Amino acid sequence: MDHGLTRDCKLQKFLAILCALNSLTFGETFSLENKVLTVNGVLDRSVELKCGDIDASYVFIWTFIIIGTHQAIPIARKDNVYEEASVLGIVTLAGSSLVINKLEPRAEGHYTCMAFREGTYLTAPTVYIDLTVLVPVIEPSLKIDDQTPVEGTPVQLSCTVKVGTQPITYIWQRHTILDGSITLHEGNTSILVLDPATRSHTGWYTCTVKNMVNEETSGRLYLDVTYGPDEPEISIKPYAISETGFAANELEEVTLNCSAASNPPCHYIWFYNYSQMYTGQMYVIPKISRTQTGMYTCLAQNAHLNTRTQSTISLTVYYLPVGSPTCTAQAHNNYKDVALWCSWPGGFPLAKLKWLQPNEDKVIVSNSNATLIKNGAQLQNGSSFTCSISHPSLKRNISCSTTVVMPPGGPNCSAVATKMNEFIMLTCEWTGGLPRITLQWNNNLIGDIKESSNIYVFKPDRTYNGRLFTCTALHPMMAEPADCLIQLGKLSYGGED
Ligand SMILES: *[C@@H]1O[C@H](CO)[C@@H](O)[C@H](O)[C@H]1NC(C)=O
Ligand SMILES: *[C@@H]1O[C@H](CO)[C@@H](O)[C@H](O)[C@H]1NC(C)=O
């Protein structure tokens, strides 16, 4: 091998020693251990290659060998940069150092610097340098194969960078308001596959490319994963539940709200017992009536995906019984006990009635009424009893009361005859009290049992002369029945003498 420096030897009348050096095969030279320096330069920037430790008394020559060739091109010598150097960049000398500004890609290769002291045969050690021209990465371009994928399908994001020295690292990031920036992957993969894409993948994406020189980030792309609607959730205001679902009170304003996760947001349609009622998320029933009890269905539709889901709730409308509750006392168990009676029939659901102070007494509870049985003898005159009433439509419980009263005095018996003694009217009276006094004539053998006042009318004949009539008054708070008597005298009759 004998080339490269030949021209220089001729042209510059260079010393034979340099020419002799040139006779070395560079391939062999580079294989000499520990002698090759590796220098990295960056495209368009500057690099300085040093020719060892030599002073100004040395003459030196820089040569360049393109990678893959053995052709050594002289590019500079002391005080002189050759034209051939211009392909490397803007080449200048700083003492014996070769300075390349605006480094060109073609500057990559092997450099040698040989030197000797002028006027002597003293040579400096030859310097061998491998220059690598690193190329910065430029802004990569990001592509998403489907920016609005359907949840469950795969999505591929690819990051392309046109130039940049390998190895290039790719950093994949997602940016959302909620989570900030999250790094999803960092490595040598320029393709990010989301398989399957889910709603949680929604957000702005960037890829950043990085090599030994620098890093650059792509512009943001939004990945809008479409999904849903999920099964809708129905809520009610005011909130109340029944055994079968939701409940509302008659005449209340009821708001049914339907909500289903969906992208893009879904549309809602409301049905009552399968007939369409309303379009919109919030269905307001201003004054609900008992006839609006039934099934309410919310249908959620994602028009973009042409998908729909639905949920149904049962709504029961509660209403109060008419009027107001009744509390009273009645004789019970053959006038031994008092039955305290609390009642409010109707409504939905039935009102719940409860006697306060029941102690160990017997309470009979049936639909819409509660009966408390008290032993009459033990009842104190003027005792009050209260029944408490609850119903889902009442904000708070209401109550009614009753007071047991034993009226003063006793039964009053009297007899009145009509004109000509055609009819006789026996009257027994004892008014007031609660329970009322029960009055009967002749142990109930004649007339009816009546409360407070018992009038018995009959058509007399002679057999009634001197007849005794007894009125018996019964009341649970009386230990013994009370009587009053009336005796008829000798009667004269119309038409007789
Ligand atoms: C709606 O359905 C409920 C039971 O599912 C029924 O009780 C109610 O009467 C129905 N209402 C109408 C107006 O059909
Ligand atoms: C029971 O009390 C009432 C008033 O509460 C009174 O008028 C009546 O006389 C009392 N009866 C008896 C038998 O004491």
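Let me start at the ligand: a nitrogen atom of ligand 2 lies 2.7 Å from a polar backbone atom of Met 406. Bear in mind that this is a predicted model. There is a second contact to mention, this one to a side chain: an N or O atom of Asn 381 is 2.4 Å from an oxygen atom of ligand 2. Which residues surround the ligand? They are Asn 381, Met 406 and Pro 408. On its own, ligand 2 would expose 360 Å², and the protein buries 43% of that.

Now the rings. How many aromatic pairs does a search of the whole structure find? The search gives 12. One of them is the pair of Tyr 278 and Tyr 283, with 5.4 Å between the centres and 15° between the planes. Those two values are what we quote because a pair of aromatic rings is described by the distance of the centres and the angle of the planes. This pair counts as stacked, because its planes are under 30 degrees apart.

Are these two tyrosines buried or exposed? Tyr 278 has a relative accessible area of 34%, so it is classed as partly exposed. Tyr 283 has 9%, so it is classed as buried. Both belong to a cluster linked by ring pairs, together with Trp 270, Tyr 272 and Tyr 296.

Last, charges over rings. Arg 290 has its charged end over the ring of Tyr 319, at 3.5 Å from the ring centre. Arg 467 does likewise with Tyr 464, where the distance to the centre is 4.7 Å.

That is what I have for today.

Terms used
Residues numbered from 1 in each chain as written. Chains lettered and ligands numbered in written order. Predicted model: local features only at pLDDT ≥ 70, side-chain atom pairs only at ≥ 80, totals over all residues. Heavy atoms only, no water. Near = heavy atom within 4 Å. Polar contact = N/O pair within 3.5 Å; in protein donor to acceptor, adjacent residues only side chain to side chain. Areas by Shrake-Rupley, 256 points an atom, 1.4 Å probe, with all protein chains shown as cover. Phe/Tyr/Trp six-rings, centres within 6.5 Å; stacked < 30°, edge-to-face > 60°. Buried < 20%, exposed > 50% of the residue type's maximum accessible area, 1.4 Å probe, protein only. Lys NZ or Arg CZ within 6 Å of the ring centre and 35° of its normal.
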